[in-house]
Amino acid sequence: MARARSRKADPAGKSVRVDGAAPSRGRYVGTGNGPAWQPIDIGHPSYVALIEPDTAFWALVPREDLAELALGGRLVKAYRQKAAQFAREIHELRFGLKPSAVYFNPTERCNLNCSYCYIPEKMRRRGEHMSRDKLLEALAILKRYFQATLPKKTLPQIIFHGAEPLLNRDAVFAGVEQYAGDFHFGIQTNATLLDDAAIAFLRGHQVSVGISLDASTAAVADRTRRNWEGQGVYRQVVDAMERLKGYPGWSVISTVSSENLRQLSQLVDFLHEHEVPTCLMNILRCTLPRSRSVKPDDARAAKYFLGALDHAYALYRKTGRKLIVGNFANILLAIVAPAARRLMCDISPCGGGRCFFALAPGGEMFPCSEFIGLDSFRGGNLFSDDISAVLQSEPFQRVTGRTIERIEPCRHCAIRHFCGAPCPAEAHEMNGAMQKTGAFCEFYEEQVRYAFRLIADDKVDAYLWDGWDQGMQQTFAW
Amino acid sequence: MKNAAKKTVIAYRKKCQAKGTGLSHYILMDRKAK
């Protein structure tokens, strides 16, 4: 007799194999070990989604055929044949990855005082730089660690992050020069210090450059991104964009807040016109109280954000050139090719402390940059502690152990593996506990519904970079 | 009057080696959009 096999999440959130746990051997939909389909209305005139949340399996089915398809027949049979494979894939993604990136803060200082920054003001005003020697020592330690833990052909990533990393430019550039070939380097900068020499250096060393801009006009962009004297920096950022044009390794990050929400479609026009290859339109994080003053309402955020995505699609149809909105592309990928996602915020546990960690200028290690202002999440020090031990420290485990199965209402939610309930830092600081949702539950629900509508309308390719599925294996096709 | 084309199920999934490393502040794109 065939034995029923499936994978389920145990109470600790670990996926475990269940062999023949119920006498019905997975025969019935919705009971025993059978597929636990959840139908969701995606707001499409013809289709609804059927989702098996634990394995992140989905099918879009004609509304009129929902009952018949959900309760049995060929679809259920086809799913059963792949269920264990899909469960393993999701389990590996959630629990099997090793760190391969470091968000490296070479300074605590910043020349800006943006309204939503998650780094405490005291640090940004009077914090410390990491010295050149210490920065080089840190890279040497990280090189040794990754050589021992990653496959030989995998280059780890070092992202210089902030605060404003170019305030410590000499040390950063010395590190890039000395360790070229050992890491993929990137830098996230507010662009105010990106002079011609800096751009030439970064381009010459193939350093990916992310710059920050929140709107297409100074009047809006300068509401949130200003220097300590209260002056906006829009013009400097646009100048840098002009000089970065043509470089494939740059992107723009926009933080979506109540201040720029209604101008997101204009921002899409602006970024497209400036030939920005990729942008992120990240909803702001509400980790620190100050940022909550510009927190938009979920439904309004979704309305304008999805409107901006519609606009990017219309521009693509008109011009043949895409503007990839990376954070949304990531959610779309989470649905159509779960292991292909690049950002690790929208998965549970998030990537903090397990796919990457953050390094503060004194060598302090945190699960993610978002925790740098929260001392209780410091897991150790790169210069004095063993990295592997830090990854297993209690502060790191609080983040890596935050699984969706422990969060209400996420543990019942059909889209729990497409959203991941970001972010633990804001759940902890804003909502009072790691086992709470983040700040923007409904916003993610709407993005997932929108993504399913794109799939129904065969528009996926327009929202992802060309060749996005090259080298991928098709594991299910109806 | 013509009958509307019958809608069929849409379901697919692709797989690759997981490389996800990023957080929402930054993305290293190694492929160019047109």
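# Reading a predicted two-chain model

Tutor: This is a predicted model. Between chain B and chain A there are eleven residue pairs in polar contact, both residues of each pair being at pLDDT 80 or more. By class, the side of chain B that touches chain A has twelve nonpolar, seven polar and ten charged residues.

Student: How many residues does each chain bring to the contact, and what area is buried between the chains?

Tutor: The size of an interface is often given as the accessible area lost when the parts come together. Here chain B and chain A bury about 4,700 Å² between them, and 58% of that area lies on carbon and sulfur atoms. Chain B contributes 29 residues to the contact and chain A contributes 76 residues.

Student: How many salt bridges cross the interface of chain B and chain A?

Tutor: The rule finds two salt bridges across that interface. E89(A) forms a salt bridge with R13(B), and the closest N and O atoms are 2.9 Å apart.

Student: Which strands of chain A and chain B pair, and in what sense?

Tutor: Strands of a sheet pair through backbone hydrogen bonds, either parallel or antiparallel. In this model strand 16 of chain A, residues 473-477, pairs with strand 1 of chain B, residues 12-15, in the antiparallel sense over four bridges. Within strand 1 of chain B, Y12(B) is the bridge partner of A477(A).

Student: In what order do the ten strands of the open sheet in chain A stand, and which strands are at its edges?

Tutor: The order is 12-11-10-9-8-7-6-13-14-15, and the pairing is mixed. Strand 12 (324-325) and strand 15 (380-381) of chain A stand at the edges; each has a single partner strand, so one side of each is left without a neighbour in the sheet. To see one pairing in detail, take strand 10 (residues 250-256) and strand 11 (residues 278-283) of chain A, which pair in the parallel sense over six bridges. T255(A) stands opposite N282(A) in strand 11 of chain A.

Student: How many salt bridges are there over all chains, and which parts of the chain does the pair K143(A) and D182(A) link?

Tutor: A search of the whole structure finds 20 salt bridges over all chains. In one of them, the side chains of K143(A) and D182(A) meet at 3.4 Å, N to O. This pair links distant parts of the chain, 39 residues apart: K143(A) is in helix 4 (residues 132-149) of chain A, and D182(A) is in the loop between helix 5 (169-178) and strand 8 (184-189) of chain A. K143(A) counts as partly exposed because its relative accessibility is 26%.

Student: What else is D182(A) in contact with, leaving aside its neighbours within four places in sequence?

Tutor: With those neighbours set aside, D182(A) is in contact with K143(A), L155(A) and P156(A). By contrast, D182(A) and N431(A) are 249 residues apart in sequence and 40 Å apart in space, C-alpha to C-alpha.

Student: Where do R243(A) and D196(A) lie, and is D196(A) buried or exposed?

Tutor: The side chains of R243(A) and D196(A) meet in a salt bridge of 3.0 Å, N to O. R243(A) lies in helix 8 (residues 234-244) and D196(A) in helix 6 (residues 196-204) of chain A, so the pair ties together parts that are 47 residues apart in sequence. D196(A) is exposed because its relative accessible area of 54% is over 50%. R243(A), at 32% relative accessibility, counts as partly exposed.

Student: Which residues does the cis peptide bond with omega of about 5° join, and what is the phi of A163(A)?

Tutor: Most residues other than glycine have a negative phi, and most peptide bonds are trans. In this model a cis peptide bond joins G162(A) and A163(A), with omega of about 5°. A163(A) has a positive phi of about 30° although it is not a glycine. A163(A) is found in the loop between strand 7 (157-160) and helix 5 of chain A. Another cis peptide bond, with omega of about 0°, joins E408(A) and P409(A).

Student: Why does A163(A) count as buried, and why does Q206(A) count as exposed?

Tutor: A163(A) counts as buried because its relative accessibility of 15% is under 20%. Q206(A) counts as exposed because its relative accessibility of 66% is over 50%. Q206(A) has a positive phi of about 50° although it is not a glycine, and its place is in the loop between helix 6 and strand 9 (208-212) of chain A.

Methods
Residues numbered from 1 in each chain as written. Chains lettered and ligands numbered in written order. Predicted model: local features only at pLDDT ≥ 70, side-chain atom pairs only at ≥ 80, totals over all residues. Heavy atoms only, no water. Contact = heavy atoms within 4.5 Å. Buried area = accessible area lost by both parts, 1.4 Å probe. Salt bridge = Lys/Arg side-chain N within 4 Å of Asp/Glu carboxyl O. Polar contact = N/O pair within 3.5 Å; in protein donor to acceptor, adjacent residues only side chain to side chain. Nonpolar A, V, L, I, M, F, W, Y, C, P; charged D, E, K, R; others polar. Pairing = 2+ DSSP bridges. Helix = DSSP H or I, 4+ residues; strand = E, 2+ residues; numbered from the N terminus. Buried < 20%, exposed > 50% of the residue type's maximum accessible area, 1.4 Å probe, protein only.
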